[in-house]
Amino acid sequence: MVTLVTGYVVFTAYLVEPDGPWDQQAVTNYKVAGAIGLVFSALMTLLTSVFAKAGWLRKWWYVIPAALAIAALLRLTGFVGY
């Protein structure tokens, strides 16, 4: 469930496109969505570590929060998008 919410938040960060350099509201919106995506990715990593230590998940499940965190970071730093 947390994975779907995090994916949605990061996807929303990519959906927001500013009309131009003057559109500060859109820039603020995608930066907030990217920051929330990073927080949720950290939460996902903590939950994954708990379940991996219990033996319920394999180690490769760390790839999902890492990929979402990288996507959120790329959107925050401006390497992707406007």
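The model is predicted, so local features need pLDDT of at least 70, side-chain atom pairs count only at pLDDT 80 or more, and totals for chains, interfaces and linings use all residues. Residues are numbered from 1 along each chain as its sequence is written, and side-chain values use heavy atoms, leaving out hydrogens and water.

Trainee: Which pattern does the protein follow along the sequence?

Mentor: Helices (H or I, at least four residues) and strands (E, at least two) are DSSP runs, numbered from the N terminus. The protein has three helices and zero strands. Read in order, the pattern is α-α-α.

Trainee: How do H1 and H2 run, roughly parallel or roughly antiparallel?

Mentor: Axes are lines fitted to C-alpha atoms, for helices over the stretch in contact, and angles run from 0 to 180 degrees between N-to-C directions. The axes of H1 and H2 come within 8 Å and cross at roughly 160°. Angles under 35 degrees count as roughly parallel, over 145 as roughly antiparallel, 65 to 115 as roughly perpendicular and the rest as oblique. That makes H1 and H2 roughly antiparallel.

Trainee: How many nonpolar residues are in the contact of H1 with H2?

Mentor: Contact means heavy atoms within 4.5 Å. On the H1 side are Val2, Thr3, Val5, Thr6, Val9, Val10 and Ala13; the H2 residues they meet include Ile36, Phe40, Leu43 and Leu47. Ala, Val, Leu, Ile, Met, Phe, Trp, Tyr, Cys and Pro count as nonpolar, Asp, Glu, Lys and Arg as charged, and the others, Gly among them, as polar. Five are polar, none is charged, and the nonpolar count is 12.

Trainee: How do H1 and H3 run, roughly parallel or roughly antiparallel?

Mentor: H1 covers residues 2-15 and H3 residues 63-77. Their axes come within 10 Å and cross at roughly 20°. That makes the pair roughly parallel.

Trainee: How many charged residues are in the contact of H1 with H3?

Mentor: Thr3, Thr6, Gly7, Val10, Ala13 and Tyr14 in H1 meet H3 residues including Leu68, Ala72 and Arg75. Eight of the contact residues are nonpolar and three are polar; the charged count is one.

Trainee: How many charged residues are in the contact of H2 with H3?

Mentor: These helices pack at an angle of about 160°, with axes 9 Å apart. H2 and H3 are therefore roughly antiparallel. The H2 residues that meet H3 include Lys31, Ala35, Leu38 and Thr45, and the H3 residues include Pro65, Ala69, Arg75 and Leu76. The contact has 11 nonpolar and five polar residues, and the charged count is two.

Trainee: What covers the buried residues of H2?

Mentor: Buried means under 20% relative accessible area, exposed over 50%, partly exposed in between (1.4 Å probe, protein chains only). In H2 the buried residues include Ala26, Tyr30, Gly34, Gly37, Ser41 and Met44. Their cover includes H1 and H3.

Trainee: Which residue follows H2?

Mentor: Its phi is positive, near 90°. The residue is Gly55.
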